[in-house]
Amino acid sequence: MDNLEEDLTCSVCYSLFSDPRVLPCSHTFCKTCLDNLLQVSTNYSIWRPLRLPLKCPNCRSVVELPPAGVDALPTNVSLRAIVEKYQMDSEPRPPSCPEHHRQPLNMYCIQDRQLICGMCLTVGQHHGHPVDDLQAAFIREKLTPSQLLKRLSEERWAQVCELGEQLEQEKACCEGVVRQDRQEVNQFFQTLEVVLARKRQACLDALDKAGAEVSRAYDPLIHQVKELQEEQLDLVSLGSSVEDEDSPLVFLEKVHLFRERVEEFIKTPLPSVMTLSVTPRAAEYLQQHWPVVTIGSLEEAPVPKVRCCARCGGAGSEAGGGRSSRGVQDVWGELQPTTSVVLLGLLLLLAVLWVNPVGGASLGFSLMSRLSHLVHSLSSELITCVWDTLGRAYTAAGVAVDRWSSQLSAVGVRVFEHLAALFKTLTSR
């Protein structure tokens, strides 16, 4: 196509031939180009001849034109037809329909706002839709934007701006509320953390106090046992050295000293094994009291009072000799039936006070007076044994009172105080 365009181009104006005329020398030029060349050549002539001379731009030969000039030259009809066909082929063709092969998109569907072909309108998906010429639709809608712009009034713009400001204010207000609530949540849970930390530290302090009591109870005994161990090791070493002594006099002197130390070591009483129980246990206490604690009553949540209470002596308690080395079973074996009656009466009194604290008060006082006379008649050793047993019972009762203080009446508390005073009186005698 590029070579064809070059052949169809005039050598004077370098454009496609327009009304091509043929010179006598057989070269073709545009009629307008030949008129311009003829006018320029005749301007330099003093006289106008009957036949106008013209030099061909291609071959430079001088040709004579008839008096009519360029209009008398013949038209190159074949070349003009070729130029017109070339111009038609060079124009852009309308796009083809993607659904119908080689069908031009030459109609505008108003409903779907797109170009369609004739097949789309008759048998396709745009059947029955209103159509129009694309250029006509363009001209018809040309003024629509300006008409729509007129509808966008300043009042509408002011309303939109005011609405935007209101939304920004509402957003800022809500963000402030969220920010304040975030601070409240942080402060609330920080307070809970402080309270929980304080309660945790209080429980740990109670356990530390119980640990200190355990150390005070066991450390002297452990120290005494270690001293006995060191003493026995020294005696074993001394005995070995005495055996190796060759001098009779020195040997007898060392044996005498060794015998005295062994006799003294054997007579030294061994410390009794003290068995303590830590009450209340943390897991049981927390499971019993803390599940009912609410967040609002967290400050009033109970903290256990950990105590170390003596239990029955275990193995090795018999080595101490004397009353403290005997177990509870031995003490109970030596008690008379009267002592059993006393203990049974005390247990019965506790049961009566639990079932009917108010009504059993008078019965409790009379029973306590009789028990007092009965206890006075016992021997001193039995009184001591009973006191040890009742002391442990009183300790357990004290723990029960602390645990169930809200359920006991004032009368029951006074009875327990009376029992304590009675026991102290017995021990002071």
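**Reading strands, loops and a surface patch**

Analyst: Strand β5, residues 107–109, and β7 run antiparallel and are joined by two bridges. This is a predicted model.

User: How do I read strand pairing in general?

Analyst: Strands of a sheet pair through backbone hydrogen bonds, and the pairing is either parallel or antiparallel.

User: Which residue stands opposite Tyr108 in β7?

Analyst: Asp132 does.

User: In what order do the strands of the open three-stranded sheet lie?

Analyst: The order is β6-β5-β7, and the pairing is antiparallel.

User: Now the loop between β5 and β6. What is the phi of Arg113?

Analyst: Arg113 has a positive phi of about 55°, although it is not a glycine. Arg113 sits in the loop between β5 and β6.

User: Is Arg113 buried or exposed?

Analyst: Exposed means over 50% relative accessible area. Arg113 has 63%, so it counts as exposed.

User: Next, β3. How do I read the two faces of a strand?

Analyst: In a regular strand the side chains alternate between the two faces of the sheet. Now the case here. In β3, Leu52 and Leu54 form the covered face. Pro53 and Lys55 form the uncovered one.

User: How many bridges join β3 to β4?

Analyst: Four, and the two strands run antiparallel. Leu52 has Leu65 as its bridge partner in β4.

User: What lies between the strands of that hairpin?

Analyst: Six residues separate β3 and β4 in the hairpin, where Arg60 takes a positive phi near 65°. Arg60 belongs to the loop that runs between β3 (52–55) and β4 (62–65). Its relative accessible area is 58%, so Arg60 is exposed.

User: Where is the cis peptide bond, and what is its omega?

Analyst: The cis bond joins Thr279 and Pro280, with omega about -10°. Pro280 lies in the loop between β8 (276–279) and α9 (282–289).

User: Last, the surface. Which residues make the nonpolar patch of about 390 Å²?

Analyst: Val185, Phe188, Phe189 and Ile295 make it. One of them, Phe189, is in helix α7, residues 154–243.

User: Why does Phe189 count as partly exposed?

Analyst: Partly exposed covers the range between buried, under 20%, and exposed, over 50%. Phe189 has 46% relative accessibility, so it falls in the partly exposed class.

Terms used
Residues are numbered from 1 along each chain as its sequence is written. This is a predicted model: local features need pLDDT of at least 70, side-chain atom pairs count only at pLDDT 80 or more; totals for chains, interfaces and linings use all residues. Side-chain values use heavy atoms; hydrogens and water are left out. Two strands pair if DSSP finds at least two bridges between them. Patches are made of residues with over 30% relative accessible area and no salt bridge: like charges are joined within 9 Å, nonpolar side chains (Val, Leu, Ile, Met, Phe, Trp, Tyr) within 5 Å. Accessible areas come from the Shrake-Rupley method with a 1.4 Å probe; for residues, only the protein chains shown count as cover. A salt bridge is a side-chain nitrogen of Lys or Arg within 4 Å of a carboxyl oxygen of Asp or Glu. Buried means under 20% relative accessible area, exposed over 50%, partly exposed in between (1.4 Å probe, protein chains only).
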